Amino acid sequence: MPADNPAISVQHDAAHVAALFPALLLEAEKIARSVSAGMHGRRRAGPGETFWQHRPYAFGDPVSAIDWRQSARATDRLYVRQNEWEAAAAAYLWRDPSRSLDYASSRNIPSKRRRADILITALTMLLSQGGERIGLLGEERRPFQGRNAPQRMLEALNIGAFDDAASAPPVASVPAGARIVMASDFFTNPGAVETAVAALAAAGAKGVLLQVCDPAEENFPFEGRVEFRDLESADRLIFGQAGAVADAYKATFAAHRDALREITRKAGWTFISHRTDHAPQTALLALFAALADMRRRMS
Amino acid sequence: MLGALSFTSPLLLAALGALPLLWLLLRATPPSPKRERFPAFIILRQLKTSEETPDRTPWWLMAMRLVLLALIIIALAGPVLNAPAPGPQSGPMVIVVDDTWPAAQNWRARRAAMVEAAAEAAQSDRETFLLTTAPSTAPRNIEPISGEALDGIADILAPSPFAADRKTATARLAELAPYLSAKGQAEILWFSDGLASAADADFAQALAARGALSVFADRAAPTLILRRDNNAGADMAFRIDRLHGGEAFTGALIATARDGRELARAGFEIPEGQTTLTVDLDLPLALSNDLANVRIANISSAGAVYLADARNRRALIGLVANAQAASSSLLTGPRYISQALDQHAAFVEGDLRDVIEADVSVVILDDVGRLRESEADALAAWVERGGVLIRFAGPVLADASQDRTPQLTPVELRGGGRAFGGALTWDTPQRLDAFPAESPFAGLAPASDVLVRRQVLAQPGGETTIRSWARLEDGTPLVTGARQGAGVIALFHVTATPDWSDLPISGLFIDMLRRLTFLSALGPDALDDGAETRYAPYRLLTGEGRLARPGDNAEAMTAAQLGDPPSPARPPGFYGAPETPLALNAVGPQTSFEPITLPGIPLRPYAATPPVSLAPPLITAALLLLLTDGVLALLMSGKLAFRPVRAAALLAVCTLAPLTSADRAVAQPLDATIDPMAAEAALATRLAYVLTGDPTADQLSEQGLVALSRELVRRTAIEPGPPASINLDTDDLSVYSFLYWPILPGAETPSDAALANIENFMRFGGLLLIDTRDDERAIGAAPTPESEALRRILAQLSISPLTPVNENHVLMRSFYLLTTLSGRMNNNPVWVEADSSGANDGVTAIIIGGRDWAGAWAADSFGRPARPMSGGGPRAREFAYRTGVNMVMVAFTGNYKSDQVHTPILLERLGQ
């Protein structure tokens with residue numbers, strides 16, 4: 001419903017989107033909490049820029065590490081200044097902004113877009129609790145950090161808007177060692193995905209492809225004469241007997257997924273598929289575990 | 001029954017020819033597919049899909065759509081059932097009506113057809129002629145009717161109780177000649193009764209020769225006749241015939257007594273296709289003798305009514321045989337007699353004394369000679385009271401009359417007997433002579449084959465000649481009879497067995513015995529007059545089968561004439577005395593009852609059913625189909641996601657709802673209309689008084705209550721409107737609280753409805769003040785006319801026990817503190833309900849006294865008293881007003897002020 005006054009329209013949309021925030025945040029937080037329970041933070045000394053603690057000098061510590069000002073306060077010992085352990089690079093998330101995610105086959109399950117938003121936001125929460133920096137892949141702005149990272153992530157996700165052109169992951173430059181999470185249905189040419197993944201992998205990034213699918217997309221439960229309409233291109237296809245092609249569809253779908261899985265395997269990435277009728281916690285846990293695993297391997 | 005189907009614009013039906021074209025067009029269009037948004041389009045693109053062929057519309061959907069279109073086309077063509085045929089005629093119109101009893105059964109349809117024809121004729125200003133075919137003593141002149149007279153044409157006709165006389169009608173057609181020749185082609189409408197008669201074809205030809213003939217005949221409505229079925233074994237058997245054996249007909253026979261009460265009702269059903277049914281009315285003898293008529297319920301036609309003749313009543317006959325004859329029961333006289341009268345009588349056999357005590361109307365003594373003195377006295381007394389005694393001769397009687405004539409014989413008998421035709425006798429057996437005109441057998445034909453071989457002879461003489469009711473050819477009596485008191489004694493000079501004569505085995509025997517038993521029904525006066533008696537018509541049958549008082553020109557008939565079929569001079573009905581009428585029925589056993597057939601002329605039915613336009617239901621059906629089609633289309637394209645069961649339910653509701661809804665719903669008033677008087681009374685408080693019918697008393701009541709109302713307004717918060725006068729029978733008392741009822745001497749007890757009205761009034765809180773106004777005249781317990789009337793009324797009324805009012809009663813406290821309920825006179829006590837603790841919270845519902853309160857209150861419009869007080873002057877009148885105020889206060893506030901009664905006790909307790 002385009003309003004006459006663009007300013008008013010934008011304001012209206014913003015209010016609409018803002019209204020979505022608390023609910024989505026709440027839901028994401030609930031999921032994130034169920035996953036983070038029992039997990040400890042990552043607050044320990046390590047390479048980083050912010051102060052973490054002083055400790056007595058030990059043999060082998062570089063002299064440059066000695067905090068002379070602190071050591072001067074004590075009589076017979078030297079203190080070494082330790083900074084907080086800090087990841088070499090932030091986690092970069094990406095959620096497919098195209099209209100193809102705006103689909104739910106049934107009223108009882110959320111759209112893929114919403115599920116992806118929730119997962120991304122929940123992941124942001126978890127990561128921000130771990131004190132990590134989170135950025136949006138392909139965005140120029142700095143990675144977010146801290147308590148309000150989920151809100152800012154949501155803002156950056158721009159959950160009210162669609163961008164049909166960007167249905168494939170962007171090819172962006174990220175710092176080495178960055179971890180990437182791409183959430184999409186990946187109903188696009190696997191080549192485009194491979195290009196993006198390969199570029200990121202070449203830059204030294206590790207990552208996860210999270211494929212969010214609707215059950216109808218996996219099972220193809222259509223019968224009879226059906227006209228299918230693409231959400232992005234508005235193209236139409238008519239099947240006289242939709243039920244008859246279900247098996248072929250499933251095979252093609254599986255092949256497409258295998259192709260994606262192959263891409264991730266080549267890049268050493270992780271592939272996670274998630275169905276919107278399944279619990280989001282599963283996917284979040286898998287995502288988180290995969291990211292934690294990568295960190296371990298990288299550090 | 002479907003009538004003729006016609007179309008207002010039949011050309012539109014040609015559009016039905018285009019339907020096959022539509023079939024081809026519709027077949028080519030596939031049904032629209034289900035539409036689905038689907039993101040995994042990239043995968044769908046890779047699927048190799050077979051060539052997309054347009055799906056064909058299912059044939060049943062096609063058929064439904066074609067039916068839909070066909071329905072619309074047919075509906076637009078304007079189908080009408082029973083459309084009136086256009087009457088394009090312009091010449092004169094002749095309306096021929098069979099105004100006969102068969103026509104009466106569906107006279108409404110005929111009347112409607114006549115009205116319609118007359119209206120049409122009046123509209124086009126055509127000369128109209130009316131010819132009725134029922135025979136009439138004064139046939140209506142055939143002359144042109146026009147203008148306003150046409151409107152009443154149906155009203156001047158009523159069905160007559162006769163069958164159509166089409167022969168006379170044919171002759172009367174000649175009267176039409178001067179009118180018809182000049183005016184071109186005439187339209188002739190013959191509203192026939194559907195019954196065949198002798199001259200049908202001639203009449204139809206004669207009509208057809210004079211113009212365009214349309215013959216109407218009734219096939220739908222049943223045409224029934226009711227006759228006594230004499231052939232059936234049962235006594236009260238009736239045969240119902242109907243003209244057309246169509247559908248099964250269910251009806252009932254209703255037997256009515258002379259005093260109008262219903263004696264019996266017998267339901268019957270004529271099976272489909274059958275035309276005749278015999279119904280047996282099971283009536284006890286006593287009831288069957290009360291029978292006045294039998295009719296078929298809800299059929300109004302003289303033919304459907306059977307009038308019961310008094311002569312058909314079943315006599316209770318006491319049969320007494322002589323003690324000696326008891327040999328073979330098959331050869332005894334009683335057997336012959338009972339065989340002869342079996343259809344018409346019931347029998348009691350036994351001892352003479354038992355028979356008389358059984359309250360028989362006829363006693364037959366078969367060859368009884370001497371009677372004991374006591375028996376003879378009893379029998380004689382019974383005959384004097386109106387009994388009919390029939391005696392048969394025989395050896396015993398002949399023997400008994402040897403020395404002297406036995407008692408209770410009409411003539412002196414000669415001893416022994418006389419035998420003819422024997423070997424030793426000179427005479428040949430004798431035949432019967434013609435019956436004398438003054439005898440009860442007058443009119444019967446003497447049977448030529450009856451030979452009398454022996455007889456008991458009477459002493460010849462004038463008396464014997466006069467008293468001979470039947471003679472042999474040689475002049476000797478066969479039957480003699482005489483009146484005795486209110487009764488009759490008859491003697492057959494032969495035996496009741498064929499020993500002495502052939503009479504008992506001839507049909508004449510039955511008729512003779514019946515004529516004698518008639519005497520018991522009709523009374524002996526019938527004897528005096530003989531065959532020439534004329535019976536005045538008592539009630540005559542109308543064509544609709546109602547019994548009406550005879551007109552001035554109705555003539556009296558003899559019994560013989562009443563045996564003939566009815567004619568205009570002899571209308572069917574009851575003749576003679578109301579208690580013992582002779583009946584002439586509209587239909588007799590010989591009446592022919594065949595449907596009319598006119599070769600070559602089609603019979604048109606009466607337009608009993610109004611034209612019905614079929615377009616609305618067709619359009620409705622088409623709309624429903626359209627709805628169904630829409631729902632189906634949505635279902636097939638997957639637009640309707642709900643379950644098919646629910647869809648089916650919705651469809652069913654949509655389809656059935658129009659069927660169940662009433663065609664024309666008429667709003668019914670939920671409540672009975674409120675009597676305007678009651679409505680007015682409900683809006684303003686009013687005192688009320690009962691109308692007595694005596695203007696003086698009523699005026700006094702009104703004046704009294706007006707004055708009391710005035711005082712109430714002046715002194716209290718009660719501001720009543722003008723008093724209301726109450727008719728206890730009709731008025732609603734629920735809106736009044738205070739009712740003044742003066743009892744006049746000789747007042748009649750109100751009707752049950754009025755009494756119930758009063759009881760309700762008292763039960764629901766009203767206060768009834770009954771005033772006998774006899775206080776100064778009532779001394780002690782001596783009754784006055786008023787108190788007697790009151791006693792009669794109260795005997796009918798349910799009221800609580802009464803007690804004299806005491807000083808502590810709430811009536812004394814409710815407004816003023818009084819010591820007595822003063823009226824114009826203050827002598828005798830005033831009565832109130834004794835223990836009124838039950839209903840109405842202990843408030844009395846009734847006050848009874850004789851103190852003429854209204855008289856004390858009454859004042860004219862200037863406030864001047866209408867009646868003097870019996871003593872005490874103006875101060876006494878003031879107390880009367882105070883009494884009135886207190887009464888009204890009790891009526892309105894109940895026991896509110898009865899607390900005052902307890903004030904001293906309460907104060908005392910407070911003091912403690």
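This is a predicted model: local features need pLDDT of at least 70, side-chain atom pairs count only at pLDDT 80 or more; totals for chains, interfaces and linings use all residues.
**Entry 1: contact between chains A and B.** I found 26 residues of chain A in contact with 18 residues of chain B. I then asked which elements of chain A give two or more residues to the side that touches chain B. They are β7 (226-229), β8 (236-239) and α7 (246-267) of chain A. I noted that α7(A) supplies the largest share of that side, with 5 residues. Sorted by class, the side of chain A that touches chain B holds 13 nonpolar, 6 polar and 7 charged residues.

Entry 2: β7(A) pairs with strand β2 (residues 34-37) of chain B in the parallel sense, over 4 bridges. I also checked which residue stands opposite A:Phe228, and I recorded B:Glu36 in β2(B).

**Entry 3: two helices of chain B.** I turned to helix α22 (residues 695-715) and helix α26 (residues 873-893), both of chain B. Their axes come within 10 Å and cross at roughly 80°. From α22(B), the contact is made by B:Leu708, B:Glu711, B:Leu712 and B:Arg715. From α26(B), I listed B:Tyr881, B:Gly884, B:Val885 and B:Val888. By class, the contact of α22(B) with α26(B) has 5 nonpolar, 1 polar and 2 charged residues.

Key:
Residues are numbered from 1 along each chain as its sequence is written. Chains are lettered from A and ligands numbered from 1 in the order in which they are written. Two residues are in contact if their C-beta atoms, placed from the backbone, lie within 7 Å. Ala, Val, Leu, Ile, Met, Phe, Trp, Tyr, Cys and Pro count as nonpolar, Asp, Glu, Lys and Arg as charged, and the others, Gly among them, as polar. Two strands pair if DSSP finds at least two bridges between them. Axes are lines fitted to C-alpha atoms, for helices over the stretch in contact, and angles run from 0 to 180 degrees between N-to-C directions.
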